[in-house]
Amino acid sequence: MSNTKNCCIDGLEILDEMTDEELLVLRDIYLKKGGITCNLDSYSDYRANPDRPSTYTHLLRRELKEYGSNTFSFGCNSYKEILIKVCEKMKVNFNSQQSIEHIEHNLLEKVLADSWEKMSNADKENILQQTGQTGSMKGASSLVLLQVFRAGGFASYQLAVVIANIIAKMVLNRGLSLAANAALTRVLSVFAGPVGIAITALWTIVDIAGPAYRVIIPAVIYIAAMRHAHSNKAYKDLKF
């Protein structure tokens, strides 16, 4: 185990930018979804500071690689390989030659599109008003929401935080403190239900697929959402 700190998966440098609160969600995905297959408690770095995951991000990287290797017979040596397999499992439209960020963006779009289909017309109009859009959403496709997400800016950031926060609630039974910001609370109040239903439906399917998928799918969605949030200036402005 002496070389554990040298275990690096390209594409997971984002973990070093995340706070302990944010990393606790990832830790608990491993612990709660992985169950007895999670190896975190076998390492002294984890046992010394279990609630300070910023001190053992190397172990969080290692666990994801292990779950990836256990899921795919050929093993996975990079985060991108794991991301690609998750996207294939979720039937995400993507090109494997694209960058990690681009593929993650497509993954988040899939979550948003699935959530949109579970919204009423009233909810659709409400969520778009909260993200600065206007007009009637009767009969509108998910492309309307995806265009907001693709445009970047604060609205795109809001949607990424919504996804991350809902996963946090499912895992920790509480949301991220950042989501208490008034500008995000309004969006969460409308979007939480549909996104939660979509992710719950996904996890039900994943639970049937096997223990490794129960970990890597929510973990990768969460990492993708947090990377998108961290890339936006609004994150630094609102973070407390």
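Reader: What volume does the second largest pocket have?

Author: The second largest pocket has a volume of about 170 Å³. A pocket is an open set of points on a 1 Å grid over the protein atoms alone, where a 1.4 Å probe fits, with protein on both sides within 12 Å along at least five of seven lines. The volume is the space filled by probe spheres set on the points, which are joined across faces, edges and corners. This is a predicted model, in which local features need pLDDT of at least 70 and side-chain atom pairs count only at pLDDT 80 or more, while totals for chains, interfaces and linings use all residues. Residues are numbered from 1 along each chain as its sequence is written, and side-chain values use heavy atoms, with hydrogens and water left out.

Reader: Which residues line the second largest pocket?

Author: The lining consists of Val92, Asn93, Asn106, Glu109, Lys110, Ala113, Asp114, Leu146 and Arg150; lining residues have an atom within 4 Å of a point. Helix 5 (100-116) and helix 7 (143-150) are the elements that give two or more residues. Helices are DSSP runs of H or I with at least four residues, numbered from the N terminus.

Reader: Which helix gives the most to that lining?

Author: Helix 5 does, with 5 residues. By class, the lining has 3 nonpolar, 2 polar and 4 charged residues. Ala, Val, Leu, Ile, Met, Phe, Trp, Tyr, Cys and Pro count as nonpolar, Asp, Glu, Lys and Arg as charged, and the others, Gly among them, as polar.

Reader: At what angle do helix 5 and helix 7 cross?

Author: They cross at roughly 145°, and their axes come within 9 Å. Axes are lines fitted to C-alpha atoms over the stretch in contact, and angles run from 0 to 180 degrees between N-to-C directions. His105, Leu108, Glu109, Leu112, Ala113 and Trp116 of helix 5 make the contact with Leu145, Leu146, Phe149 and Arg150 of helix 7, where contact means heavy atoms within 4.5 Å. These residues divide into 7 nonpolar, 1 polar and 2 charged.

Reader: Moving on, how do helix 7 and helix 8 pack?

Author: Helix 7 and helix 8 (residues 153-172) pack at an angle of about 110°, with their axes 7 Å apart. Helix 7 is therefore roughly perpendicular to helix 8, a term for angles of 65 to 115 degrees. Leu145, Val148 and Phe149 of helix 7 are in contact with Ala155, Ser156, Leu159 and Ala160 of helix 8. The contact has 6 nonpolar, 1 polar and no charged residues.

Key. Angles under 35 degrees count as roughly parallel, over 145 as roughly antiparallel, 65 to 115 as roughly perpendicular and the rest as oblique.
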